[in-house]
Amino acid sequence: MKERITLKKAIAVVKFSLFVIWFWPLPLSASKHKVLCMRLYQIVCILLTVTVLASMIYATVKNINDLDLFIKSSLGLFPTSHVLGNILCHLIMYRRLQCVTHKVENFCEFMESHEEATVQREYVDKYSNFYGFCMSLFYMSLFGLFAGPIVLDEPLPAPAEFPFDVSHQPLRAITYMHQIVVGLFIAAHLCVNAFMALLLWLASARFKLLTDELRTITNIYDFAKCIEKHQQLLEYAAEVALTVRPFALVTVFFSTVSLIVFGLIFIAEVSLSLKIQCVFLATSALLEVFMYAWPAEHLIHVSTNVGQAAFEMDWYDEAEYLRKNLQMIILRSQKPILVVLPCGLPSLSLRYYASYLSTIFSYFTTMRIMFEEEDSGI
């Protein structure tokens, strides 16, 4: 019988997927020594990633006249750059991310049995399989990269070149291990999307629990507690949205650039194996953006449902004090919690994701027409 995935197990899986990059924040009580070790480790990650990125840039420049080699060399530029973007966001947003994660862990630790049942039924059972699939896909793609030199008889996993000879031992083994380590960094940083989505889903879960509580209150004291919870939850959800947005921006930016480049590759005259590889990479890029858009859309709806639940109460039979507080909840719920991307970009939602897909396909169609006109000599 298949073992059921619980919320604590889901959090443990996400935390384990980020283990290699030390991304899950330390407890608030962590010593300065541990924080310093984490900072130094991330600096080492940056140095290792930059060296691989430099070797790929060198290979891209060197093979600029060979289309297949040029494309193979350029494919690794975007995921390695994504790693650097995530690390910089983590360094800048660490304190806020640490506070939000601490609140998530407290929420999971002190949930009551009926709350845990609701979260399990409404969130974990519905959404854990998708994110588990995405994380598995990211790491399986990495293992495919590791097996490349064995199956395809290539010298190194990544298409990189150096201004010196790396074909002899032990330099080849060192370079091979170096690229494998950075490949692990890439897979783990792609799983950061699942971590950010987890924060959004749990914020939605708390709104859902508050909505259910509003529909069952029977006295003014419980209602006063709900008002206080709603105020705190609005502040918490806004903090989560601010924490998630820079990581979402990095993902959207590099996914967009990658998809445009993959579109150019797909319509260019390159080998079929390279086109198939681009299809898989494009699918991963689209999944990355969807991992943010789905929980962000749900958070919009569930944060406004609190006002609907308050309106459905028997407010017309209650005292003036209660009616005024109900009005306050309804008015505050009319402004949903949005994950607004920085730099003037729109907020994340399924509507945004649909327009994102439409824009990407429009770019692809335009580029295909331009290539066809160029080939026909128009």
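Me: What should I know about the model and its numbering before we start?
Reply: This is a predicted model, in which local features need pLDDT of at least 70 and side-chain atom pairs count only at pLDDT 80 or more, while totals for chains, interfaces and linings use all residues. Residues are numbered from 1 along each chain as its sequence is written, and side-chain values use heavy atoms, with hydrogens and water left out.

Me: How do you know how many helices and strands the chain has?
Reply: Helices (H or I, at least four residues) and strands (E, at least two) are DSSP runs, numbered from the N terminus. By that rule the chain has 12 helices and zero strands, and the elements, read from the N terminus on, run α-α-α-α-α-α-α-α-α-α-α-α.

Me: What makes the pair Thr251 and Ser255 a polar contact?
Reply: A polar contact is a pair of N or O atoms within 3.5 Å; within protein, one must be able to donate a hydrogen and the other to accept it, and residues adjacent in sequence count only if both atoms are side-chain atoms. The backbone oxygen of Thr251 lies 2.7 Å from a polar atom of the side chain of Ser255, a value that falls within the limit of 3.5 Å.

Me: What makes a set of residues a nonpolar core, and which members touch the most others?
Reply: A nonpolar core is a set of buried Ala, Val, Leu, Ile, Met, Phe, Trp, Tyr and Cys residues joined through side-chain atoms within 4.5 Å. The largest one here has 103 residues, of which Leu18, Phe23, Phe195, Met196, Phe207 and Leu348 touch the most other members. Helix H9 (residues 220–267) gives the largest share of this core, 18 residues. For Phe207, contacts beyond its neighbours within four places in sequence include His230, Leu233, Leu299 and Ile337. In soluble globular proteins, nonpolar side chains tend to be buried together.

Me: Why is the pair Glu105 and Lys15 called a salt bridge?
Reply: A salt bridge is a side-chain nitrogen of Lys or Arg within 4 Å of a carboxyl oxygen of Asp or Glu, and the side chains of Glu105 and Lys15 meet at 3.8 Å, N to O. Glu105 lies in helix H5 (residues 94–109) and Lys15 in helix H1 (residues 7–17), so the pair ties together parts that are 90 residues apart in sequence. Glu105 is partly exposed, with a relative accessible area of 32%, and Lys15 is partly exposed as well, at 36%. By this rule the count comes to six salt bridges.

Me: How do you know that Glu239 and Arg96 form a salt bridge?
Reply: The closest N and O atoms of Glu239 and Arg96 are 2.8 Å apart, which is within the limit of 4 Å. The pair links distant parts of the chain, with Glu239 in helix H9 and Arg96 in helix H5, 143 residues apart. Glu239 counts as partly exposed at 25% relative accessibility, and Arg96 is partly exposed at 31%.

Me: How far apart along helix H6 are Glu122 and Lys126?
Reply: Glu122 and Lys126 are four residues apart in helix H6 (residues 113–151), which means they are separated by about one helical turn. They form a salt bridge whose closest N and O atoms are 3.4 Å apart, and Arg121, Glu122 and Lys126 are linked in a network of salt bridges.

Conventions:
Buried < 20%, exposed > 50% of the residue type's maximum accessible area, 1.4 Å probe, protein only. Contact = heavy atoms within 4.5 Å.
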